[in-house]
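Please view the structure first.

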Amino acid sequence: MISRLDSMGLNGVEGYAVSVECFISSGLPVFEVVGLPDAAVKEARERVRAAIKNSGFKFPVSRITLNLAPANTKKYGTFYDLPILLGILAASDVCKLPKEKTVFLGELSLEGRLRPVQGVLPMAIAARKLGFTTLYVPAENAKEATLAEGLTVIPVTCVAQLIAHLRGEELIMPEAQWIPEEYEAELLDFADVKGQENAKRALEIAAAGGHNVLMIGPPGSGKSMLAKRLPSILPDMTKDESLEVTKIHSIMGMLPSEAPLVRQRPFRSPHHTISPAGLTGGGTIPRPGEISIAHKGVLFLDELPEFRKEVLEVMRQPLEDGVVTISRASGAASFPSQFQLVCAMNPCRCGWYGDPSGRCVCSQLSVRQYLSKISGPLLDRIDIILEVPALNFEKLQNRAQPEASAEIKQRVNTARLVQQNRFAGMRCRCNADMKTRELRQCCELDEGCVALMKQAFDALGLTARSYDRIRKVARTIADLEGSQNIQPEHIAEAIQYRTYQFNDG
C-alpha cells in the first residue's frame, strides 16, 4: 500500500512544501526514511513506532519506506513526526487522509501526544501562499499558526484524537483567529536619566531616522543607561514588521504559546565573548544569529573594543544590505538583518582619557592601540558618533524632571510619518535606508549646505560613505524640525556627530 500527504520544510525564514510518501510492502521488517533526512528526522522512526503502539494501533510488521520529497533538499527538525505517522496509518488503512489541500506538522512523544515545534509561523505563511487550506499542528502552536490568516488551523493534542477526527468519529474544532489584546509595554524611561541632553538629542535623531550610533565616554557616564532606553522612543512596529520579527523568533523557539506575536521592537545585547557565528548566524543547519534576532530592533554592543575584531568585521555587509546569507555545503540560507546598531565604549583602556580630573593613566600609544581596535570601515557605517561626558554633582542633584520617553516618541513618530509618506512605493522604510537614488531625490543641498559640506569633507577627511551618512542624518534633523528642505544648520548638527578623532590618541 502507498500513501501520500503534505508537510513543510524550512530554508532560512521561508517555508517550502515537502511531500511525505509512504510505501508498505511485504518482506523483512524494515523502517527506512529517505530524502536527505538529518539525525532528528531519522530518530522519528522510534518516536513514531512507540506513538502508534501507545495510541492503541498496530504497527505494521512489514517493509516500510518513507520518502521526503524533494529528495535533493536536506530535511531537518522534528515536525515530520506527525506526517510520517499518518503516512504509515493511512497506508495501513487505519484512517483516510483529508481530500482538501492539507499540511501536517508536529513532534510526537513516545506516548502519542503532540509537542510544540519551532518555525510554525513561516511554514504556515508559506502553506497559505502555496494554496493549502488546512493546517494540522500541535495545540500549543495553534495560536501562532492562525497569524498566517486564510488557513483553517486544527489544534491536535494526541494521535488518538487526530485519528478519531479523520475517521469522522469526533471532530476537532478549528482554532479561532488569535487577536492580540491591548497592552502597555513596560519600558525603561528617559525620565530616569539626569543631564546628558546632547546624548538624548542624538538618540532622538537616531530613533527618528533609524541611524546607527556609537557613544564614547568614561565609566558611569550613562552610556548603557541611555542605550537601554532607546526602545522606549522607537516607533511602534507595523503589522508586517511584527510578522517578520515573529517568524525569526518562531524559528528560534522564543515565542510564548499564549502570546505568539512580537509587538515590541527587539533589544539584543550580546556579551563580548560572542563568536562570529553567534552574531551573524551559522551552524551545520544555518540558524539566525543575534543580528537577525534584532531585526527591526536594536543591537546593543557594550564595551565595543572588547569584542574580537573578526566578530565586528562580519557586521559590515549586513549593515549595508540588511540581510545575511549563510552558505554551507548543504546549501545557503538568508536571514533578514535590518537592525539599528548602538555601541558604547570608553575613550581608553582605563576609561578616563580626556577627563578634566586628569585621572587617566594610559599612554598615548595605549590610547591609540585601544581606539584602533575599531576599524575605519566599521566606523564609516555608523551615522552618529557622540561623546557622553561624566556628570558633575550639580547635574546629579538637579531636581528638574527630565523629559519623558512618551514626549520624545511623539516627535519621533511625527518624523517617521513624514518618511513613510516620502518613501511610499519605494524600498526604504526610513532615512537610514536610503540608497543613491533616494539620496539624489530627497537630500538635495543648496549652495550654503554644499559649502559647509566641502569644508567638513576637507577638514575631517571624510569618505564618500561618510558624506552620504551626514546627508541622511541631516535629512532626519530636518524632518524633526518640520522642514521640507535641508538647511545649513541641519548639516552643521549632522557634521558634529562625525567629529570625534580616533587617531589623535
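## Terms and model

Helices (H or I, at least four residues) are DSSP runs, numbered from the N terminus. The model is predicted, so local features need pLDDT of at least 70 and side-chain atom pairs count only at pLDDT 80 or more, while totals for chains, interfaces and linings use all residues. Residues are numbered from 1 along each chain as its sequence is written, and side-chain values use heavy atoms, with hydrogens and water left out.

## Pockets

A pocket is an open set of points on a 1 Å grid over the protein atoms alone, with protein on both sides within 12 Å along at least five of seven lines; its lining residues have an atom within 4 Å of a point. A volume is the space filled by probe spheres set on the points, which are joined across faces, edges and corners.

The largest pocket has a volume of about 850 Å³. Its lining has 37 residues, and Cys428, Arg429, Ala432, Asp433 and Met434 lie nearest its centre. Helices including α9 (239-251) and α20 (464-481) each supply at least two lining residues.

The second largest pocket holds about 670 Å³. It is lined by 29 residues, with Tyr183, Asp236, Met237, Arg263 and Gln264 nearest its centre. α9 and α17 each supply at least two residues of this lining.

## Cavity

A cavity is a set of grid points where a 1.4 Å probe fits but cannot get out. The whole structure has 1 cavity of 30 Å³ or more. The largest cavity contains about 70 Å³ of space, and its lining includes Arg265, Phe339 and Arg416.
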